[in-house]
Amino acid sequence: MADIHSYDRAAQGLGGEAGFGDYVALLKPRVMSLVVFTAFVGLYVAPVPVNPFVGFCAILFIALGGGASGALNMWYDADIDAVMNRTAKRPIPAGRLTEGDALGLGLFLSGLSVLMLGLAANWFAAAFLAFTIFFYAVVYTMWLKRLTPQNIVIGGAAGAFPPMIGWACATGGISVESLLMFSLTFFWTPPHFWALALFMKEDYHNAGVPMLTVTHGRPATRKHIFAYTLVLAPFAVALGLTSIGGPLYLAVALVFNALFILGGWRILRRTEEQAQEDSYAVEKSFFRLSLYYLAAHFAALAVQATIGGWA
């Protein structure tokens, strides 16, 4: 196993001059896009109307909070990122930015996003955003990620909070609907990331990250993926029976959860020999499906809110 501590922090800055795109990369724009989308849906489907300008500002500041979390994650995980193939080209391990750049940007955006969300929406939503940043940067990144194979399970809560924050921006509180939106994302996260870990196991192994594939092996991970598809389905369907649900959302939930469970079953029945023969084609297909799964559910919620729910 490579020694992640061999990463020479003092040698940064040798990878060329940083550009604007490098600072954007610190914010993890792909993750930020998920934060923005789910937070927007949470705000849009809420029963309390929000002034469009206020709503725009709220989503903007939630996005900045998500970006702050990403920058703080890249600051702390620079040693791990330098070892893993899929992250080695990030601005810090590539030497275009320093860890201090990421830390400074992360702290600045954290304070700015929380303060401005409080002023734009309400202080409950702002406090919720502050807790989410803390949870991702400290509880997950600094503690769980390097400690336990359940890192992605517990840490997944950070990625599941945005729709609740969006809902809180409109309503100033929490409800059954927002908790179910949280549950949808929370229980989706483990099978999504464990599917990735099945065909990226060596990256996590080399970096010393105790992902489930590293600590318990791929066969156990396959069982966990299938189990979580079964746990996830009732929460996804139940959301369709609430005030923000409706026939369109329910149809989408039933179809995608059937596909998700079927995909988990196919992964469960696979042997490592079969997976290696086709270069983990089934696992990669399930990972792609997981991306469509979450997008489809939240898009269906938004469309359902537009056309009306249960009469």
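## Exercises on a pocket and a helix pair

The lining of the second largest pocket holds 11 nonpolar residues, two polar ones and no charged ones. The model is a predicted one.

**Exercise 1.** Describe the second largest pocket: its space, its central residues and the helices that line it.

*Solution.* 
- Step 1. Find the centre. Of the 13 lining residues, Leu 43, Tyr 44, Val 50, Asn 51 and Gly 55 lie nearest to it.
- Step 2. Turn to the helices. At least two lining residues come from each of α2 (29-44) and α3 (52-76).
- Step 3. Which helix gives the most to this lining? That is α3, with four residues.

**Exercise 2.** Work out how helices α10 and α16 run relative to each other.

*Solution.* 
- Step 1. Two packed helices are described by the angle and the distance between their axes.
- Step 2. Take both values. The axes of α10 (residues 176-199) and α16 (residues 281-307) come within 8 Å and cross at roughly 165 degrees.
- Step 3. Apply the cut-off. Angles over 145 degrees count as roughly antiparallel. Therefore α10 and α16 are roughly antiparallel to each other.
- Step 4. The crossing of α10 past α16 is left-handed.

**Exercise 3.** List some residues where α10 meets α16, then sort the contact by class.

*Solution.* 
- Step 1. On the α10 side, the residues include Met 181, Leu 184, Trp 188 and Phe 199.
- Step 2. On the α16 side, they include Glu 283, Lys 284, Phe 287, Tyr 293 and Leu 301.
- Step 3. Sort by class. The contact of α10 with α16 has 15 nonpolar, four polar and two charged residues.

Key: Residues are numbered from 1 along each chain as its sequence is written. This is a predicted model: local features need pLDDT of at least 70, side-chain atom pairs count only at pLDDT 80 or more; totals for chains, interfaces and linings use all residues. Side-chain values use heavy atoms; hydrogens and water are left out. Axes are lines fitted to C-alpha atoms, for helices over the stretch in contact, and angles run from 0 to 180 degrees between N-to-C directions. Angles under 35 degrees count as roughly parallel, over 145 as roughly antiparallel, 65 to 115 as roughly perpendicular and the rest as oblique. A crossing is left-handed if the near helix is turned anticlockwise from the far one by less than a right angle, and right-handed if clockwise. Contact means heavy atoms within 4.5 Å. Ala, Val, Leu, Ile, Met, Phe, Trp, Tyr, Cys and Pro count as nonpolar, Asp, Glu, Lys and Arg as charged, and the others, Gly among them, as polar. On a 1 Å grid over the protein atoms alone, a cavity is a set of points where a 1.4 Å probe fits but cannot get out, and a pocket is an open set with protein on both sides within 12 Å along at least five of seven lines; lining residues have an atom within 4 Å of a point. Grid points are joined across faces, edges and corners, and a volume is the space filled by probe spheres set on the points.
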